[in-house]
Amino acid sequence: MDQLMVNNQIVSSEKSDLLNLTQYIVINMGEEQFGIDIKYIDNIVRMQRVTRVPKVPAYLKGVINLRGEVVPVMSLRLKMGLEEDVITKATRIIILKLEQEGNVGIIVDEVKEVIALPEESIEKLAHNRNGKVSYINAVGKHGEELISLLDLNTITLEDTE
Amino acid sequence: MDVSQYLEIFLDETKEHLQNLNTQILILESDPENENTINEIFRAAHSLKGMAGTMGYERMKNLTHDMENVFSEVRNGKLKVMPEMIDVLFQCLDALEEYTDNIQSSASEGTNDNQAIIDRLNAILNGGSVPQPKKESAPTGEAASSGAGADEEEKWNSINLEETQIRVIKEAQKMGKNVYGINVVVQDSCILKAARAFLVFKALEEKGEIIVSVPSAQDVEDEKFDKDFTLVVISEQPLEDVMNAAANVSEIAKVTGDSIALEKNKSYEAVAVSMQTEAPKPQSAAAVPAGDNNKKAAPKPAAEKKQTPGKPVVNRTVRVDIEKLDVLMNLVSELIIAKNSLVAASTQEQNAGVEEHIEYLESVTTNLHESVMKVRMVPIESVVNKFPRMVRDLSKTLNKKMELYMTGEETELDRTVVDEIGDPLMHLLRNSADHGLESAEVRKKRGKPEVGSIFLDAYQDGNNVIIEVRDDGNGIDVEAVKSKAIERGAITPEQADNMTDKEIINLLFLPSFSTAKKVTDVSGRGVGLDVVKSKIESLSGEVEVKSELGVGSTWTIRLPLTLAIIQALMVVVGGEKYAIALGSIQTIEDIAPEDIKLVQNEEVINLRGTVIPIIRLSEILEVESTTAPEDNMAVVIVKKGDKMAGLVIDELIGQQEIVIKSLGKYIKQTKFISGATILGDGEVALILDANALM
C-alpha cells in the first residue's frame, strides 16, 4: 500500500520537472467518474467472452485470452459493491500490469478520456475511513468535475472474506 | 572494465569446466597415468583461472592457480598422482563450486579463502606429502568468518589489529595494565542479539576500555554478527572479573578470554615483520599497506554474512544447438512466405487457392511449434554427470565398493524438468547405495561380485521419458517394511495381512518412513522417498518400484517429454468447455442412470466387475448439467495409480493437443484446475486435473 503511494509520489516528483502532471484514464461507472493512473495500464480491450473459473470470489469473472496469454478478469462493479455489470458496446476491459501478480483485467462501463492532472489539483484522501476499505485514495479536480482516483492496490487485493 | 555482462557466460562456462574436471579427475583416479586426462585437466584448470582472473574473482583465481601448478608438475612428470592428491583435488572442485554458487546468487565470490586447500596443494607441490587438514578449515565456507582457520578459543589472536591499536596495546602493557582478548558467544536461541551485545559492551566498559571489536561496534549494534564477537579490552581488573561482567548478561552462552600476547596475533606479525598476512586477500595484501588492508577486512565478513541473497543475479539460460535455431529460422521464413501468399490470395478477385495456402500455413505452424518445443529440450547429461563423483564419495563414506553405470545421458527433457529431476534422482541413488547394496562380506557370502552395481538408465518411451535407477543389492524386505509400518501405526496388522507386496512396498513413499536399521548421514532419516514422489508428481510424472529380495530393486521414474503441451480430451460440462489430460483417462463409457448405485451414500457404477465412484463434474464446477436426468450419461473413467473414478460430463468434443497456460498468479488456483488453454477459436478452456478430483 505504502509502496504504491510512495511510487506515486516519486512519479509525480519526476514529472514535476516537466509539467508537474500525472496522466489518468477516466472511466465511467454508473454516475461516477474514476481515474486510473496511466502507468499501471497495459492495454484496453473490448469486452470479450470470459471463461468462468469455478470456486473463486464472485467479483472474479474468469479469464480471457489476451493475444495468447490467459489473463484473469474481475468486475470493478462487484468488487466495489455495486450491482452486476450490464455489458454494452461501451464496456471495456482495462488490463492492468501489476508488479507481483502480473496482468489483471478490470471490467468498466466505459472509457471516456485521458486527462493530465497537475499535482495541486489532486487531493489525497485518508486511506481508511470509518474502518471500511476504500478503493479511492485521492480525488482529482478536472475543470468542474471531480474524478475519484482509484487505489489499484486495494482493488486488486484479494477479499479477505 | 565492466564485466557484469559476461557473468552469464562466465557461470555457464565455469560450470562446464568444473563438470569436466570432475569427470576427468574421476578417470584419473582409476587411471593415474592417462596423459590425455592430465592434459585435459590442466587445460580446464588453466581456462578456469583465466576466466576467474578476468572477471576479478581473486580467490577463485588463486585456488585454480595453485591447482594448475600441481597439474603442471604432474604433466611434466615431476609429480605422481596419488590417492590423497585426488581427494584434495575434489575438495578444490567443491570449493570452486561454492564460489560459483556464491557468484550466481550474489555476484560476489564470498569471503572464503580456502587457505587450507591451498596449503595442501602447495604441500603436494613442495614435498609430495599431504598434511591432514585441520577440522575447522574444511571447505565449508564457514571458516572465513574471522580469519582463516582461527581457533575458537583464541579468536582474539586472529583479529586484524591496526597499527594504532597495536601501539595502544603496547602502551597499556607498558603501563602495567592488563589487555584481555575476550570472545563472547550469544545463545542460539537469543532473539535480541544486538541488545544482549550492547549490555555486554556496557558491562565491560565499566571494567575497562574496549579498544577493538570484531565485528565493529556499529555492526554488532546493527546485529550484523553471527553469534559471537571478539573484543580487546584494557582493564586494571583481573581477567576473571572482566569475564564475569560479560557472562552475567543473560542469554550469553559462553565467554572466553585471556591476556593478549601480541606476538601471537597474526596481524601483529604482519605489522612487525611487514610480511603477507592471512588477511582475506593474500595477493593484494602484499601490495596494499597492511594496516589499511586490515581496516577494511575486519568488519567485512560479518557484514557479508548478513546479506542474504534474494533473487539470483543471473537468469536461467538454455544453451541451444545452432542447428535447432537454424530449423526455427527456416520455419519462420516459411511462415512469412505463407502469410504473404495468403495476403496475395485474399486480394485477388476469386479466392482461388486460399485453402491450399491455409493448409501450407498449418503445416508450417505445426512444425514451428515442434521446433520451439525442441529448443526447450536439454539432455539430462547436465544433471546425471555429477553422479559418478557422488557415487565415488558415497562409496568412501559408506565403505562399500560400488560402481555406477549410466546409459542414455543424451536423452532430452524439457529444461524445467531437467532442473528439478536432479534431487529425486540423487536421493534414489543414495538410497540404492545405502540401503540397497549390501556390504562386501555379505555380497561375497551371497555369491555376488564384491563390487556392487548401480545402474542409471534413461530412455524415451513414446511421449514419456523413463529414468531407471537399478541396483543389484538386497532388494526391499517386504516383511521388514510391513512390521515397520505396523509399528509406526501406518497400517493395522489386519490391514497388513490383506495387502499385496506391491502395496506394502508403496508404503515406503509415505512421509516419515525409513526402514534403515541405523540412521546414516547418507540416507535413512525418513525424509526422502515421499519427497521424491511428490517432486516427481509435481512434474506430472510417476515413480514405481519393483524389487526382488536378495536380487535388487528397480526404481522407475516416468516423466512427460514436455510440460507445456499435452494431449487432452475436450469435454463440455454445463455448456462450458474443459480439457482433461489424456494420460489419466482409461475409457469413456455410456452409462444409463439406473446403473448408478449408492454405496455408503456415494454414487458408484459397476463397470465390468470393478466398482468405480462417480463424480458429477457439474456439481463440482457449479454449473447446471445439460443432460436430462433420464438420459444416458457420458462418463470419463480416469485412473490415478490403482484408484479409478468416473467423471460425469455432458458432451464429448474429442481429442486435441493443447498448450498449457497458467491462470496467472492473481487467481488462486483451485486445486482441481491445473491451468488453462486457448482453443482454436480463441476461447479459453480450463484444464481439469483428474488426479486432484479423486
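Modeller: Two strands pair if DSSP finds at least two bridges between them, the strands (E, at least two residues) and the helices (H or I, at least four) being DSSP runs numbered from the N terminus. The model is predicted, so local features need pLDDT of at least 70 and side-chain atom pairs count only at pLDDT 80 or more, whereas totals for chains, interfaces and linings use all residues. Residues are numbered from 1 along each chain as its sequence is written, and chains are lettered from A and ligands numbered from 1 in the order in which they are written.

Colleague: What makes β2(B) and β3(B) a pair?

Modeller: Strand β3 (residues 228–235) of chain B is joined to β2(B) over six bridges, in the antiparallel sense. Within β3(B), Leu231(B) is the bridge partner of Ser213(B).

Colleague: Why are β2 and β4 of chain B called edge strands?

Modeller: β2 (208–214) and β4 (252–259) of chain B each pair on one side only. They belong to an open sheet of four strands in the order β2-β3-β1-β4 (chain B), with antiparallel pairing. Its neighbouring strands are turned by 25° against each other on average, direction ignored. Helix α9 (residues 239–247) of chain B lies across β1 (178–186), β2, β3 and β4 of chain B, and runs at about 160° to β4(B); such angles run from 0 to 180 degrees between N-to-C directions, with axes as lines fitted to C-alpha atoms, for helices over the stretch in contact.

Colleague: What is the pairing in the six-stranded sheet of chain B?

Modeller: The pairing is mixed, and the open sheet has the order β14-β18-β19-β17-β16-β15 (chain B). Its edge strands are β14 (585–591) and β15 (597–599) of chain B, and neighbouring strands are turned by 40° against each other on average, direction ignored. Strands β16 (residues 602–607) and β17 (residues 610–616) of chain B pair antiparallel over four bridges; Asn606(B) stands opposite Val611(B) in β17(B).

Colleague: How do you know that β1(A) is paired with β8(A), and which other pairing of β1(A) can be described?

Modeller: Eight bridges join strand β1 (residues 21–29) to strand β8 (residues 110–118) of chain A, and the two run antiparallel. Tyr24(A) stands opposite Ile115(A) in β8(A). β1(A) also pairs antiparallel with strand β2 (residues 32–37) of chain A, over six bridges, and Gln33(A) in β2(A) is the bridge partner of Asn28(A). β1(A) and β2(A) form a hairpin with two residues between them, and Gly30(A) in the turn has a positive phi of about 60°.

Colleague: Why is His142(A) called partly exposed?

Modeller: His142(A) has 17 other C-beta atoms within 10 Å. A residue is buried at 20 or more such atoms, exposed at 12 or fewer, and partly exposed in between, with C-beta atoms placed from the backbone; the count of 17 therefore makes His142(A) partly exposed. His142(A) is in strand β12 (residues 136–142) of chain A. Leaving aside neighbours within four places in sequence, it is in contact (C-beta atoms within 7 Å) with Ile115(A), Leu117(A) and Ile147(A).

Colleague: How much of each chain is buried?

Modeller: In chain A, 27% of the 161 residues count as buried; in chain B, buried residues make up 35% of the 694.

Colleague: Which residues touch the most other members of the largest nonpolar core?

Modeller: A nonpolar core is a set of buried Ala, Val, Leu, Ile, Met, Phe, Trp, Tyr and Cys residues joined through C-beta atoms within 7 Å. The largest has 67 residues, of which Val63(A), Ile106(A), Ile580(B), Val636(B), Leu647(B) and Leu688(B) touch the most other members. Apart from this core lies another, of 41 residues, among them Met402(B) and Val418(B).

Colleague: How many residues does each chain give to the contact between chains A and B?

Modeller: Chain B gives 19 residues and chain A gives 20 residues. On the side of chain B, β21 (673–678) and β22 (684–688) are the elements that give two or more residues.

Key: Two residues are in contact if their C-beta atoms, placed from the backbone, lie within 7 Å.
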